[in-house]
Amino acid sequence: MCGIIGIVGKSSAQPSIIEALEKLEYRGYDSSGIATVSDNSIIRRRAVGKLSSLKELLNKKPIKGEIGIGHTRWATHGAPSLENAHPHKVGKVALVHNGIIENFHELRSQLISEGQTFVSDTDTEVIASFCSKLLESGMSPDEAVVNTLNNLEGAFALCFIFEDYDNILIAARKGSPLVVGWGSGEMFVGSDAIALASLTNQLTYVGEANYVVLSNNEAKFFDFQKKEITPEKVFINSESVLISKNGYRHFMHKEINEQPSVISYALGSYTGSDRKKITLPSQLPNFSEMDRITMTACGTAFFACNVAKYWFEKISELPVDIDIASEYRYREPIFSKSTGAIVVSQSGETADTLAALRFAKNKAMQTVAVVNSENSTMAREADIIMPIRAGVEVGVASTKAFTCQLVALASLVLDAARQRKKISSSEEEEFIEHLFTLPRLINEVLLKENEIINICSELAKAQDILFIARGSLYPLALEGALKLKEISYIHAEGYAAGELKHGPIALIDNRVPVICFAPSNILYEKTVSNIHEVIARGGKVLLVSDRKGLKDFSGDVWASFEMPECDSFISPILYALPAQLLAYYSAIEKGTDVDQPRNLAKSVTVE
Ligand code: AGP
């Protein structure tokens with residue numbers, strides 16, 4: 001989940017590398033670095049912390065060279081330090097790496113026994129050292145790289161440059177994403193299309209366990225046995241991946257505010273002009289023949305699966321197993337030939353979710369990838385893609401992708417229910433109408449941001465916060481807690497409201513705010529009982545409910561937030577808004593780095 005970039009250019013590589021790294025900073029921001037080849041030597045600049053530190057350094061000490069590599073790091077092996085920052089250079093080779101080398105201890109011990117020394121704690125320096133040894137033995141860059149690749153276990157995307165070669169860059173991937181960009185008289189390679197968007201709109205996705213040799217006017221692709229291959233070129237709409245804050249202080253705030261428009265766009269694309277029937281991509285999952293669905297994802301995307309389970313089981317009468325992707329393939333799940341597998345991922349690159357997808361494919365399940373990035377590895381490997389159409393999401397805390405995942409999953413549920421003859425066409429139309437009320441209702445919530453700001457001025461003083469809810473809102477309690485932890489660093493947990501009394505209620509006192517999502521639905525009364533249990537123990541409750549819910553509540557809550565009334569089908573989508581805004585404004589109150597919270601990265605491409 002580091003970001004890598006390589007350029008074989010026709011003018012100074014430094015500005016383009018930095019521009020690409022700015023786009024890749026979402027993948028990690030513990031340190032960054034750049035290396036170029038100039039006058040037959042490799043020059044490097046590296047800095048700890050955000051990319052701004054590297055830029056300052058380069059302002060003072062720019063580097064020459066038309067061929068170069070760059071890196072933004074999310075630490076795996078070794079703390080964020082100058083020694084551990086990429087590019088790593090040993091002898092006549094320098095490289096950048098995204099991934100984890102699983103056999104690095106063995107390789108390192110072997111190299112140490114042969115007299116090599118190391119200056120960093122990283123697995124990456126081991127790759128550089130191995131490759132350097134082969135170059136010294138007389139191998140060409142090409143031979144040395146292939147030989148190195150065949151000795152690595154684990155996941156990697158790599159870019160190599162070589163001291164005596166100012167027109168060859170070699171990049172390789174196994175497990176981690178890599179894309180080549182075609183320019184005019186210059187070639188690029190990077191972790192994703194976003195990094196290359198301002199450089200070119202012609203891309204080739206590097207295949208699994210393939211490497212590519214780039215000069216400034218061509219790219220030759222090979223597998224690790226050196227067999228040449230010819231992957232296809234694709235053209236992207238660069239504007240669709242170019243990103244800016246559009247006047248907002250943070251990407252997260254911009255993305256929260258984009259939800260009415262992206263949801264409306266996504267829904268329009270799933271329903272056609274008459275809005276009566278869900279019309280999904282041409283190849284549809286065959287839900288009528290499925291006996292169950294297994295859903296896997298990580299983090300926020302996993303909570304979207306939790307909501308979808310309620311919908312699939314209630315509306316389409318299709319049993320659903322949900323698994324955290326990092327656990328799924330290790331628990332020996334039971335399935336049949338008729339089990340369908342759905343993975344959900346904003347990036348489409350999350351290593352654990354990708355491994356779950358591959359596990360399901362190997363077991364011959366029909367696979368559906370619900371993804372935002374339509375060019376991602378998951379999108380390319382799944383049998384069916386369900387695009388969520390949220391547009392590029394930059395903030396590490398997922399917001400619009402979550403609500404768009406829910407809208408996409410709700411549409412799949414309706415499609416499944418129709419195929420399985422569990423809903424009539426008028427019922428389907430009614431569900432669709434409810435979905436179409438979302439943009440308006442979300443706007444209503446957004447108009448009340450000031451109330452949330454007031455609440456957060458107090459809320460952000462807490463050290464621990466609990467979120468509670470019931471039914472299909474329970475996953476929103478989990479999501480609210482994750483969002484708050486992630487960007488405000490306040491400890492928070494989400495619980496099913498009825499579960500509090502089985503342990504967590506021991507935490508309650510007047511310093512632990514309890515945020516309760518309780519729309520006036522069939523579970524309202526039961527949730528209210530749980531709120532009273534909290535109040536009776538001196539707890540301070542923030543009640544988030546609709547007008548009826550707030551009016552019917554008798555008791556002393558610390559604060560309340562009125563939500564628009566909505567059908568219970570869409571309430572898990574609408575209640576994402578207060579969850580997001582409470583986290584956002586608590587983080588603002590605490591002065592944390594909202595878009596790039598500590599220790600995290602947007603796309604987690606390591607297991
Ligand atoms: C969400 O706010 C998180 N940053 C994180 O939990 C994220 O949802 C998770 O890493 C999964 O990412 P994906 O959707 O790209 O697979």
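Q: What is a salt bridge?
A: A salt bridge is a side-chain nitrogen of Lys or Arg within 4 Å of a carboxyl oxygen of Asp or Glu. In this structure, a search of the whole finds 26 salt bridges. The model is a predicted one, where local features need pLDDT of at least 70, side-chain atom pairs count only at pLDDT 80 or more, and totals for chains, interfaces and linings use all residues. Residues are numbered from 1 along each chain as its sequence is written, and side-chain values use heavy atoms, with hydrogens and water left out.

Q: Which residue forms a salt bridge with Lys276?
A: The partner is Glu429, and the closest N and O atoms are 3.6 Å apart. Helices (H or I, at least four residues) and strands (E, at least two) are DSSP runs, numbered from the N terminus. Glu429 lies in helix H15 (residues 425–436), and Lys276 in the loop between helix H9 (259–271) and strand S16 (292–297), so the pair ties together parts that are 153 residues apart in sequence.

Q: Is Glu429 buried, exposed or partly exposed?
A: Buried means under 20% relative accessible area, exposed means over 50%, and partly exposed is in between (1.4 Å probe, protein chains only). Glu429 has 26% relative accessibility, so Glu429 counts as partly exposed. Lys276 is partly exposed too, at 41%.

Q: Where do Arg292 and Asp321 lie?
A: Arg292 is in strand S16 and Asp321 in strand S17 (residues 320–324). Arg292 forms a salt bridge with Asp321, with the closest N and O atoms 3.0 Å apart. The pair therefore ties together parts that are 29 residues apart in sequence. Arg292 is partly exposed, with a relative accessible area of 27%. Asp321 is partly exposed at 23%.

Q: What separates Arg440 and Glu444 in helix H16?
A: They are separated by about one helical turn, because they are four residues apart in helix H16 (residues 438–446). Arg440 forms a salt bridge with Glu444, the closest N and O atoms being 3.3 Å apart. Arg440 counts as partly exposed at 48% relative accessibility. Glu444 counts as partly exposed at 33%. Elsewhere, salt bridges that share partners join Lys254, Glu258 and Lys400 into one network.

Q: At what angle do helix H1 and helix H2 pack?
A: Axes are lines fitted to C-alpha atoms, for helices over the stretch in contact, and angles run from 0 to 180 degrees between N-to-C directions. Helix H1 (residues 13–24) and helix H2 (residues 51–60) pack at about 165°, with their axes 11 Å apart. Angles under 35 degrees count as roughly parallel, over 145 as roughly antiparallel, 65 to 115 as roughly perpendicular and the rest as oblique. H1 and H2 are therefore roughly antiparallel to each other. Contact means heavy atoms within 4.5 Å. Gln14, Ile18, Leu21 and Glu22 of H1 and Leu51, Leu54, Lys55 and Leu58 of H2 make the contact.

Q: How do the axes of H9 and H16 cross?
A: They come within 8 Å and cross at roughly 175°. That makes H9 roughly antiparallel to H16. Gln259, Pro260, Ile263 and Ser264 in H9 meet Leu438, Pro439, Ile442, Asn443 and Leu446 in H16.

Q: Where is Ser376?
A: Ser376 is in the loop between strand S19 (366–371) and helix H13 (377–381). Ser376 is buried, with a relative accessible area of 0%. Not counting residues up to four places away in sequence, Ser376 touches Ser347, Gly348, Glu349 and Val371.
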